[in-house]
Amino acid sequence: MIEAIAHNATGFASGINSPQSGRGDHMVALSAFAASFGLMASYYALRFLWKKLRYTKPRQRGIDPVGEAEVFLAYGRTSDAVRVLKDSLRDNPDDLPAKVTLLRAYSSECNREAYCLLARDVQAQVQGQPVWHTIQENGRRLAPQDPLFEVKL
């Protein structure tokens, strides 16, 4: 039995490159590729689901959500930072530091629509402060045509 398997494996490997290789060999290779792709997709779907189910809010763990988001941003994990900040803002919608950090995350992932929407939301609270100038600079880079980010002399 083992000799037959070895012969089939050798025949398959040499059959792909030979001019006599039939359509069946290509179908076997294609189905092997499809199976590996299916396994990979399943792995990432389960990983995503596991992260969603395991997620505990930072405040429940005794951690400041803005601080955790800052760490995520420092390590380039922008999507994790956005998730933490959005979750924090669902619990406390008036948290200005969370909104400003979320603006920074949107800027780093070049999410123009979300950035402009949130910038309009915080404008009244931070206009005239140094952070507003930073928001305007990033806004001009993301949405140069938006009048919200025009420099007023």
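Hi everyone, let's start at one residue: leaving aside its neighbours within four places in sequence, Leu96 is in contact with Val122, Gln125 and Val126. Contact here means heavy atoms within 4.5 Å. What we have is a predicted model, in which local features need pLDDT of at least 70, side-chain atom pairs count only at pLDDT 80 or more, and totals for chains, interfaces and linings use all residues. Residues are numbered from 1 along each chain as its sequence is written, and side-chain values use heavy atoms, with hydrogens and water left out.

So where does Leu96 sit? Leu96 belongs to helix 5. Helices (H or I, at least four residues) and strands (E, at least two) are DSSP runs, numbered from the N terminus. Leu96 and Val122 are 26 residues apart in sequence, and their C-alpha atoms are 7.5 Å apart in space. The cut-offs are under 20% relative accessible area for buried and over 50% for exposed, with partly exposed in between (1.4 Å probe, protein chains only).

Now let's zoom out. The protein has seven helices and zero strands, and 28% of its 153 residues count as buried.

Back to our helix and its partner. Two packed helices are described by the angle between their axes and the distance between the axes. For helix 5 (residues 96–108) and helix 6 (residues 112–126), the axes come within 10 Å and cross at roughly 145 degrees. These axes are lines fitted to C-alpha atoms, for helices over the stretch in contact, and the angles run from 0 to 180 degrees between N-to-C directions. Among the residues that meet are Leu96, Leu103 and Tyr106 in helix 5, and Tyr115, Leu118 and Val122 in helix 6. The residues of this contact divide into 10 nonpolar, two polar and two charged.

Cys110 has a positive phi of about 55 degrees although it is not a glycine.

Next, the aromatic rings. Tyr115 and Phe149 form a tilted aromatic pair, with 5.9 Å centre to centre and 45 degrees between the planes. Rings of Phe, Tyr and Trp (its six-membered ring) pair if their centres lie within 6.5 Å; planes under 30 degrees apart count as stacked, over 60 as edge-to-face and the rest as tilted. This pair links distant parts of the chain, since Tyr115 is in helix 6 and Phe149 in the segment after helix 7 (130–142), 34 residues apart. Both Tyr115 and Phe149 are buried.

Which residues does Trp132 touch? Not counting residues up to four places away in sequence, Trp132 touches Ala119, Gln123, Val126, Gln127 and Leu148. Trp132 lies in helix 7, and it counts as buried because its relative accessibility is 3%. From Trp132 to Phe149 it is 17 residues in sequence and 9.5 Å in space, C-alpha to C-alpha.

One last stop: Asp80, in helix 4 (residues 78–91). Asp80 counts as buried because its relative accessibility is 8%.

Notes. Nonpolar A, V, L, I, M, F, W, Y, C, P; charged D, E, K, R; others polar.
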